[in-house]
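Visitor: I would like a close look at a single part of this structure. Please take me through it step by step.

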Amino acid sequence: MATSIRAAAEDGSAPTTAPGGPRTPAAPQRSAWRSRLYRLDLKASPYAYIAPFFLCFAAFGLFPLIWTGWLSLHRVDLLNQDVMDWRGTGNYTRLWETDQFWTALRNTFTIGVISTVPQLLMALGLAHLLNYRMRGRGFLRVAVLAPYATSIAAATLVFVQLFNPDYGMINWLLSMVGIDRTDWYSDTWPSQIAISTIVTWRWTGYNALIYLAAMQAVPKDLYEAASLDGASRWQQFTKVTIPSIRPTILFTVIVSTIGATQLFGEPLLFGGGVGVSGGSAHQYQTLGLYMYELGWPSRQLGRASAVAWTMLLILLLIGAVQTLIARRNRTKLGG
Amino acid sequence: MRTTSRPRRAAVLATAVIASSALLLTACSSSGDKGGSDGASSAAGEKITLTVGDFGTFGYKEAGLYDEYMAAHPNITIKADTTQDGQKYWDALTTHLASGSGLSDIQAVEVGYIAQATGTLGDKFTDLSKTEGVNAGAWLPWKSKQATTAKGALIGLGTDIGPMAVCYRKDLFQQAGLPTDRTEVAKLWAGDWSKFVDAGKQYQAKAPAGTFFTDSASGLFNAALSAETQQYSDDSGKLVYKDSAGVKKAWNVAVSASQAKISAGLRQFQDNWNSAFANAKFATVVCPSWMTGIISKYSGDSGKGKWDIAAPPVASNWGGAFLTVPKAGKHQKEAAALAAWLTAPEQQAKVFTKVGNLPSTTAGLELPTVQSAKLDYFGDTPTGQIFASTAKSIQPAPIGEQDGTVKTIITDNGILDIEEHGTDPAKAWANVEKLVDDKVNG
């Protein structure tokens, strides 16, 4: 009996004790306990090691997420959060019917496109240039990252001055080439372009460095082979560099999309006193700002939570579409 | 091999579990630490720091009052935390009140939000009526009534009131062929705010290039509305702005000013409004007493002596504020004493002579220093006399909890939209109603 237990324990299967069987001697029982502990150690320890992360994530990530979802089904006053009136999906249907939400969604999309697309294209070009062997390369690489290290508030304040319709430098420069006064503060497209400029300025260098790192991992012999085949610099860039760093490009596209969806600080600070409502006609109010306006100045936490969850769903949707496109591309390229 | 590794792994496992649970525990308990010290008053002589949160220009620092108080109370250090924009200040303050953290010991509240402070937020502030030196009867009756809750607690001590006049630039008026003497100027628009718009058209016809008659149609709206006895709310505090004759009239004045292009279309208290002062972009600004401080600050040396003050079309009040002491503060007793001192007639008079915020106490208004005050920046203009005489004829209108919210939407999303984008006024008004409904009906 005792030996059979040990054998069972040793080969890893569950030890079986016959009910009502004779008492097992002390020594084998001890070793069975040890092996049980050993198996527990083997199976549970990895979970224990990563537990701190998951506990933190549960407390500071998952719980707020679920709690926000729960709040979004209620009417909650910011100043009196203990009182929660059940509203079901009312906050979501109301969102669907509110023009301001659609304006904010549209603005988030347009500002996202006019900031992300030029930003990534410029970053790609910049990375390509920085990849050349040239004097002061190290300094230039640090320099392109400087905007990223600047605080949003400081950068936005400077841009607000630059874009001042009456006394700003940009209109002054434009007037020299004969372009009339552009109202960067209050007209829809100019104000959105101005905000996109701030975003582009801040993030181009960051993305350029990510591209640069990827480009440096591209094997040199690919370029040599290409030039032997008579490919020009441009052809080398489009035919060798771009396909080689495709996963990195996809990564930056995803990260920039998330950033664009959550855009908040730049339009808030750009608008000054009317920043929260994104200008007098909400012309540059993003979803992030709309959520803040509902939750804080309007004190309607439930509706703000509904916007937050809607933003999450939009991101998941975009993520799914991007994954699909990436997968299709991969199969097209043959793995 | 197995035997040596086992205890070590077990130890690691145990440590990990303990560490992670400790992390959770501390994370949970840290938020509960606050609030325990509520109401704890410090022993005499203990060094404490009092913070004062306000917006715009309250003038305490400018008038040297903080230094004076600190010299008299060596154990107290005063720190000021000033936000320029009143709306942003209030948004932050409500958030801080909700969470009970991030509050200053003294918090200023603007009259547009005082009904909300005495209503929904009433139990977040201490009752100051028992504070030594505080007598609710010292203020103008309507002023202290505004800061009293339904239960009778006085939660705010009046700082200033905003009797209104019109500040104008003599140099621009002269260039546009308008009179420059203040009594002559007042005759241009005496009696009705719509006459002010007419005077504006007259100015605009011969206006110096690049200048406008007034700064903002929203400012005009606030001015015209404040002369009305019915504003946003009725006597019970219920929101009636949609049918209010006062709101309708003020809206029409603002719209006609915007459509006649006599307004520079700026949003007040914003950077480009500030810089427009220095660049002499507009000839008039509706001017409650506290506005004189802003004018001298932003018009700077180049505008000194060029501004004058004329009587308004109709006497009215715009703005003014209160000092409150949130219950979440650590030094409520000391803070209340400081608030009482800052709002006493003598100190109010000092602030007035320095930055132009007119006293809200009856004694303060009658002090000779106030009556005969002249602001250096405005030359020989008898500012004290102009504002103090207007103060007497102010008819207070009922206020409600949502007044400030509605005002912000009408001025920032309604009138400013018309000014910036030429939106059709009917459409802009419909939009205002929609936004107010959305915001008020949580």
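Visitor: How many salt bridges does the rule find across the interface of domain 1 of chain B and domain 2 of chain B?

Guide: The model is predicted, so local features need pLDDT of at least 70 and side-chain atom pairs count only at pLDDT 80 or more, whereas totals for chains, interfaces and linings use all residues. Residues are numbered from 1 along each chain as its sequence is written, chains are lettered from A and ligands numbered from 1 in the order in which they are written, and side-chain values use heavy atoms, with hydrogens and water left out.

Across this interface the rule finds 1 salt bridge, a side-chain nitrogen of Lys or Arg within 4 Å of a carboxyl oxygen of Asp or Glu. B:Asp85 forms a salt bridge with B:Arg267, and their closest N and O atoms are 3.3 Å apart.

An automatic or database domain assignment divides chain B into domain 1 (48-161 + 320-370) and domain 2 (162-319 + 388-440). Domain 1 of chain B brings 23 residues to the contact and domain 2 of chain B brings 25 residues, where contact means heavy atoms within 4.5 Å.

The two domains bury about 1900 Å² between them, with carbon and sulfur atoms giving 53%; buried area is the accessible area (1.4 Å probe) that two parts lose on being put together, summed over both. In domain 1 of chain B, the residues that lose the most area to domain 2 of chain B are B:Gln84, B:Trp142 and B:Ile161, together 24% of what that side buries.
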